[in-house]
2 protein chains.
Amino acid sequence: MASDRIKGNAVIGQSGGPTAVINQSLVGVVEGLRGGLQAIGAVNTIYGMRNGVRGLIRDELVDLGALHQDRLDLLAMTPSAALASTRDKPDTAYCERILAACRRHDIRYFFYIGGNDSSDTCRIISEMAASSGYEMGCFHVPKTVDNDLVKNDHTPGFPSAARFVAMACMADFLDNVSLPGIKINVIMGRHAGFLTAASALARRSDRDATTDGPQLIYVPEVPFDLDRFVGEVEEVYARKGRCHIAVSEGIQDKDGKAIGATLIKNAQVDAHGNTQLSGSSALGDLLADLLKTRLTPAGGKPPRVRADTFGYIQRCWPDASVIDRIEARRAGRQAAVYALQGHLSGSVAILRTGKGYDGEPYASTFERVELQDVAAKTRHLPPEFLHGTHDVSQAFLDYCRPLVGDLPNFERL
Amino acid sequence: MASDRIKGNAVIGQSGGPTAVINQSLVGVVEGLRGGLQAIGAVNTIYGMRNGVRGLIRDELVDLGALHQDRLDLLAMTPSAALASTRDKPDTAYCERILAACRRHDIRYFFYIGGNDSSDTCRIISEMAASSGYEMGCFHVPKTVDNDLVKNDHTPGFPSAARFVAMACMADFLDNVSLPGIKINVIMGRHAGFLTAASALARRSDRDATTDGPQLIYVPEVPFDLDRFVGEVEEVYARKGRCHIAVSEGIQDKDGKAIGATLIKNAQVDAHGNTQLSGSSALGDLLADLLKTRLTPAGGKPPRVRADTFGYIQRCWPDASVIDRIEARRAGRQAAVYALQGHLSGSVAILRTGKGYDGEPYASTFERVELQDVAAKTRHLPPEFLHGTHDVSQAFLDYCRPLVGDLPNFERL
């Protein structure tokens with residue numbers, strides 16, 4: 001098999017927001033290369049690029065080949081990107097510098113672990129290499145807590161973040177029962193509401209928002225209306241004396257404008273044109289203030305209103321879903337397998353082959369999809385995962401529950 | 001022994017902010033009574049009051065006697081207050097209503113699980129019962145994530161919250177290494193900085209703030225100065241290209257004025273006169289905005305600055321410290337033992353009898369202290385736990401580490 005494989009070095013990079021399992025994928029690629037292209041002599045050195053492509057063009061490479069398997073195993077269990085990450089969005093000139101760096105280091109196998117922006121970077125580099133006659137395999141390994149890659153049942157990183165959100169909402173709901181009031185939790189997700197939707201797993205009895213919180217769930221896929229929001233909170237609060245709410249940081253008005261982005265003082269914009277949503281709690285604080293003002297009875301006391309924004313810990317909390325750990329590792333290995341098989345490019349996609357509910361065990365498999373079929377595309381919560389304007393469907397709960405693993409069994413009086 | 005014990009019913013209440021282990025203490029009191037005063041016939045019914053004393057005066061009682069031990073065990077592992085809590089601060093008229101409710105239900109043993117405000121409620125009721133000739137034992141079981149009860153080495157609830165803070169800072173520090181910038185984490189603690197100080201456990205090598213974050217730790221015990229803060233961040237950022245900061249929600253200026261309390265729009269004030277600090281992220285957002293403005297070089301790009309406020313999940317996260325679970329349960333049982341021994345009042349205090357470092361295994365014991373010695377007093381971080389203006393000492397790390405239990409072993413490249 002080695003005879004028809006081009007010989008050279010391999011490089012691996014991590015890009016975008018880190019996750020609890022992005023290092024599983026890094027280790028998976030290393031393992032896949034060691035047992036594959038390196039074993040047959042087609043790959044010499046396995047490099048890691050520091051800070052994604054930003055480090056590559058600066059020749060900031062580390063040799064991953066010397067790492068003992070014991071260290072790799074520990075690294076895989078460590079959250080956040082071990083090679084460090086970047087939010088750089090390479091334009092044509094930048095991509096030319098990337099390609100020059102690849103030539104400089106005789107890199108013939110390029111692996112990039114990231115979300116839809118990263119798959120697009122991978123696609124551009126792949127096309128540029130091909131058109132310039134430089135033979136190099138370019139492979140994308142999926143990673144995003146937002147779960148917004150097309151062609152995938154779900155993406156590595158999401159199950160672990162969803163697990164954090166579900167656990168946090170379970171515990172915080174009981175806190176809200178304990179000291180009743182209105183509680184808003186703001187959850188990550190710029191365009192897709194999957195992670196916010198996972199808050200519904202906090203309910204003991206799947207759909208019963210009348211018993212368990214969160215009673216109201218707001219995702220970017222459903223246009224957000226402040227007046228309707230106030231009315232819906234008022235209704236729950238009047239009925240129960242408390243209200244537990246999950247809100248996506250990415251909620252948008254009817255014109256598709258993100259409500260949070262307009263609120264952050266000196267909000268920062270990254271190279272992809274994404275305005276900062278995380279790392280500020282302006283949205284939660286605005287909604288809390290609105291409810292305090294609007295729900296105060298004439299001459300009466302305002303309700304107790306609190307807002308928390310889960311922030312960065314939801315993407316790096318070190319209690320990853322077991323399925324997520326396994327799949328993220330396999331996704332990395334799989335990319336190395338596609339290279340071994342002689343493919344010149346591709347993205348690893350996760351397909352579900354066993355539902356994980358209705359008595360059918362959960363199972364998944366992987367398939368190679370074309371970079372251009374994934375690159376820069378955003379998947380949203382499909383309509384069948386939504387229920388009305390402020391809830392998710394049973395279909396979503398069935399879909400999501402097997403991914404997050406066992407949740408604690410709480411007792412109540 | 002039963003002959004000289006007054007016979008009647010017992011009631012248990014939970015008060016103030018809930019914790020991950022407050023139900024351990026509830027279950028501990030029930031177990032202690034069952035095996036003690038109830039076993040000898042001095043206690044008939046074991047009641048729980050819904051929402052603390054607020055439920056008691058409204059006759060909102062539940063019978064805890066019928067609960068099977070299996071359910072008690074599950075309840076003990078459930079975070080947040082199972083009986084629900086209250087922030088009511090009883091004045092004399094309110095306390096008279098509490099005493100009337102106790103007479104109405106023939107309650108002769110009163111147990112209140114809470115912080116320093118709750119121990120004061122317990123003290124007032126105890127004194128009022130004594131002066132009105134109503135024989136009733138009043139016992140306080142300690143609980144507070146703030147760790148600010150005097151006479152205690154530490155308080156149930158703190159080790160688990162400290163564990164959450166340490167884990168969150170470990171993971172978030174790696175996130176900050178991965179995507180470098182300035183990151184602020186705001187941590188609970190109105191007057192005492194113990195919980196914020198626990199962020200230092202996130203560092204691999206105890207004292208080495210130059211290698212691991214958080215590099216800067218700000219507690220209420222050290223007057224906070226905005227200009228000094230900006231300078232200290234600037235120094236770390238210039239040196240490392242990133243900066244990881246832990247800030248207590250209760251930081252105060254040199255006049256003792258809480259900086260966060262002035263920032264929350266429509267901040268709410270509870271019956272104890274405490275202005276809302278949690279459930280808003282105004283402090284973190286203010287500090288982030290200040291740094292963006294002040295650290296932007298002339299004509300240059302502002303640094304990446306993000307702020308998270310850990311919020312309510314730090315007090316109810318369902319991965320409690322094992323020591324905390326055990327001690328919270330024992331503290332509840334111990335209060336029932338003091339009643340069995342014939343004491344008419346008291347607060348349970350935890351003393352440390354084994355250091356838990358320098359080769360000496362951790363061990364603790366319990367002793368009865370007078371209610372007035374604990375009530376309404378606040379313990380602060382002692383000077384020997386502080387190091388300079390923005391760090392904690394090795395003595396604090398030695399003190400805190402045994403309480404939180406094992407932390408994950410992260411690997412880095």
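In which sense do strand β6 and β9 of chain A pair, and over how many bridges? Keep that in mind as we set out.

**Before you click.** This is a predicted model, in which local features need pLDDT of at least 70 and side-chain atom pairs count only at pLDDT 80 or more, while totals for chains, interfaces and linings use all residues. Residues are numbered from 1 along each chain as its sequence is written, and chains are lettered from A and ligands numbered from 1 in the order in which they are written.

**Stop 1: β6 and β9.** Select residues 182–187 of chain A, which form strand β6(A). Strands here are DSSP runs of E with at least two residues, and helices are runs of H or I with at least four, numbered from the N terminus. β6(A) and β9(A) pair in the parallel sense over 5 bridges; two strands count as paired if DSSP finds at least two bridges between them. Look for Asn185(A), opposite Asp308(A) in β9(A). Of the 5 residues of β9(A), 5 are buried, so this strand is largely enclosed by the rest of the structure. Buried means that 20 or more other C-beta atoms lie within 10 Å of a residue's own; exposed means 12 or fewer, and partly exposed is in between, with C-beta atoms placed from the backbone. Val305(A), Ala307(A) and Thr309(A) point one way from β9(A), and Arg306(A) and Asp308(A) point the other way.

**Stop 2: the open sheet.** Now color the strands β3-β2-β1-β4-β5-β10-β11 of chain A in that order: they make an open sheet of 7 strands with mixed pairing. At its edges stand β3 (61–63) and β11 (363–369) of chain A, each with a single partner strand, so one side of each is left without a neighbour in the sheet. Neighbouring strands are turned by 25° against each other on average, direction ignored. Zoom in on β10(A), residues 345–354, which is joined to β11(A) by 7 bridges and runs antiparallel to it. Leu351(A) stands opposite Thr365(A) there.

**Stop 3: helix α1.** Select residues 22–35 of chain A, a helix of 14 residues that reaches 20 Å from its first C-alpha to its last. In α1(A), 11 of the 14 residues are buried, including Ile22(A), Leu26(A) and Leu33(A). The buried residues pack against several elements of chain A, among them β1 (8–14), β2 (43–49) and α11 (322–340).

**Stop 4: where the chains meet.** Show chain B as well: 54 residues of chain A are in contact with 55 residues of chain B, contact meaning C-beta atoms, placed from the backbone, within 7 Å. On the side of chain A that touches chain B, α6(A) gives the most, with 8 residues.

**Stop 5: Val165(A).** Leaving aside neighbours within four places in sequence, Val165(A) is in contact with Ile187(A), Leu195(A), Ala198(A), Ser199(A), Phe310(A) and Gln314(A).

**Stop 6: Val145(B).** Which loop holds Val145(B)? Look between β5 (137–142) and α6 (158–178) of chain B. Val145(B) has 31 C-beta neighbours inside 10 Å and therefore counts as buried. Not counting residues up to four places away in sequence, Val145(B) touches Gly17(B), Phe158(B) and Arg315(B), among others. To finish, select Thr296(B), 151 residues from Val145(B) along the chain: their C-alpha atoms are separated by 37 Å.

Methods
The expected span of a helix is 1.5 Å times one less than its number of residues. Two residues are in contact if their C-beta atoms, placed from the backbone, lie within 7 Å. Axes are lines fitted to C-alpha atoms, for helices over the stretch in contact, and angles run from 0 to 180 degrees between N-to-C directions.
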